[in-house]
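Colleague: I am new to this structure. Please show it to me, and then I will ask about the terms.

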Amino acid sequence: RGSALGEACRENWMQQVLEAPGIGAAFRMEAVPRLQVFWRLEERRVLRCGPCAAGTADFFCEATTQLSVPGSRRPGGDGLALPHPGVYVRGIWVSSPPLHGAIMAFFGGLNVSGRDRQEVDEAALLEATAAALTSPAAIAEVRRLLAPLRDGGAATWLTGPAGNVAYLSRVFDLQRDVFLRDVFQLPPGAIFVGRRAAKGGDPLVCWALRFLRQRGAAIVPVATQAAAVSMFSETSTTDLLQRCVDGLLSDFVDDFELLTAATKVIRFLRLDGRKTGLTPVFSAHVALPFVHSRRLFCPAEPLRKSWLLKLLGAVLRHRSRARRRRLRCTSLMQAVCETLGDSVVPASALGVTMARAASVLRQSVAGAEGSVVEAESARKRPRSEQDAANGEDSGDGSLLRRVRRCISRLQSGGRRQGAAIRRGRTAPDAAADDVDACLPPRALHPVRCADSLGGGEMYCASPAALQHLGADRQARVRDVRAALRRAIAFVTAAAPTLAPLIDATTVDGFDPEGSSEGFCTRRAVVVNVAAMLPLAG
C-alpha cells in the first residue's frame, strides 16, 4: 500500500468487514480454554516428560486439577473455565484425548495432520505417548501413577477412567521391555501369575511356581486389574509346565523299578502306541505327576500305592476323553486300592494288580454292554409290553402315544407352522403370538375348570359347554387331562432342556365339534381333549 504497484492494483482489492454479535464472549469461553498461552498450570499436578529440542517439555495432567483460565468468564456467568481436556500440539487444542479427562501436550515429536489440520495420526500419537511416559524425567512419577495396574489399590487419574487401561496397554506394547525394566523395575523374563494362584490354588501350579522360583525365575503376582493389560497377561498352566520341562529334561533320574511299574501301567492303559504313546521321565524335583508333550513326568520316589494313584490321576486328567480309556484307568485304580498296601512294593509284585484290573475291566465292560442290550431289547418289545413296563394300561398307553406325537411337534421349533395333527387348521401368521389367535377360526375361550374336570384352565368353543357335562363325562375329561400331564412329564424327563418350552406352550382345548385331536403353530400346541374322550372310555 502506498507504492506505485499498490496503487495500480487497488482496483483488484476487496475489503470485507465481518460482524458477529457476542464473538468476544464466545472466544473467551471456547477458544481461551483451548489455547495454552492463556493458562496458569498447577505444576505440582503436572507430569513433565522432559524437554524437547525447542526447550519446552511435553507434559500430561488431569484437566480438573488445574487452575482456572483468566478471562474465560462468560458475561453474566459464574466462575471461570478450566483448561479443556485434549491432545495439544505446540499449545493448540487438536482433538479429544484417548486418556479420559487428560491434557496431553506435545511440543516436539507430534505434528497435526488432515486437510483442516485438526487431527493427529493415531500411530504417531501412540509413539509420542510411549516416548513421553518413558522419558527419564517422568519415570518416577509414571511408576507411581501406574502402580495400581500391577499391585492393585486405588486407581490414579491416569489409570482410573474407563478406557484408559485399554489405551495404556497399546502404549506398553510399543516398548514392552522398556516399561518392564525402567518403569515397573521388573527383570527380563518375569512370569506373571494371579494372586490367587500364587497364594495357593491348583497343587500342580503351586509346585511349578515353586520349582521355577528355585531355579531363579522371577514370579510376579499381579492384581485383577492387570488382566486388561496385555503386558501383564497371566502365564497359562501349559506355559508354566513347559518352562518346568526345560529344566527337568536336563536333570532326570534312571530308576529301573519305577520304569518297570510305569511301563506296565502305560501298556494296560493302551498308551504305548506310536501316535498316543507316553514316555515316562523320573525326577526328584517333580512333586506331582503330569503329562506334557507325550511325556509322563513322575516323582523319583519309592514305589507305593500312593505313587501309582497319583500317576493314574495325572493320566486320567490328561487323557480322559475316550470312554474305554477312562474305564481302564478306573479299573486299575480299583485294583491298586484292593491289592496294594501302604508299604513299598517291588515292580514284580504288580502282576497280581494288573490281573485284578483286567478282571474289573471285563466286569465293567460286560455291565455296560448288558445295559445297552437291555435298552435295545426294550426298544424292540411290543408297545403293549412297554406300556405295561411303564405302569400304563393299553388304553392309556394309546392315548399317551397320540398326545406325545402332538407334543413332539415342539421340537421342530415352529418350522412346520400350519401343519395339523390330523385335519386341524391354524390362524394367520400375524396372530401367531397369541394363544387365542393360534386356534381355528371357531373362537375358543379360556375357561376356569372345576376340580371334577381336573382344575386349571381349558380353551373351549363354548364357555357353557363344560357346565352341561355329566359326572361320567367329567371324569373322562379329568382322566384325559391327567394322561396329558403324564405324557408331558414323560417327554420332559427324556429331554429336560425342552421342559420350559413345553410347559409354556402346551394348552388343553375342548372343542366337541372340532375334527382334529390337536394342532400346533410356532407358539402353541393345543390338545383337543374332547376328541380323545372315546379313547378314555
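**Terms and values**

Modeller: Buried residues make up 41% of the 537 residues in the protein. The model is predicted, so local features need pLDDT of at least 70 and side-chain atom pairs count only at pLDDT 80 or more, while totals for chains, interfaces and linings use all residues. Residues are numbered from 1 along each chain as its sequence is written, and side-chain values use heavy atoms, with hydrogens and water left out.

Colleague: Why is F27 called partly exposed?

Modeller: Buried means under 20% relative accessible area, exposed over 50%, and partly exposed in between, with a 1.4 Å probe and protein chains only. F27 has a relative accessible area of 41%, so the residue is partly exposed.

Colleague: Where does F27 lie?

Modeller: In helix α2, residues 23-31. Helices (H or I, at least four residues) and strands (E, at least two) are DSSP runs, numbered from the N terminus. The protein has 17 helices and 17 strands.

Colleague: What makes α3 and α5 roughly perpendicular?

Modeller: Angles under 35 degrees count as roughly parallel, over 145 as roughly antiparallel, 65 to 115 as roughly perpendicular and the rest as oblique. Helix α3 (residues 122-133) and helix α5 (residues 164-174) pack at about 75°, with axes 9 Å apart; axes are lines fitted to C-alpha atoms, for helices over the stretch in contact, and angles run from 0 to 180 degrees between N-to-C directions. The pair is therefore roughly perpendicular.

Colleague: Which residues make the contact?

Modeller: Contact means heavy atoms within 4.5 Å. Among those involved are L125 and L126 of α3 and Y167 and L168 of α5.
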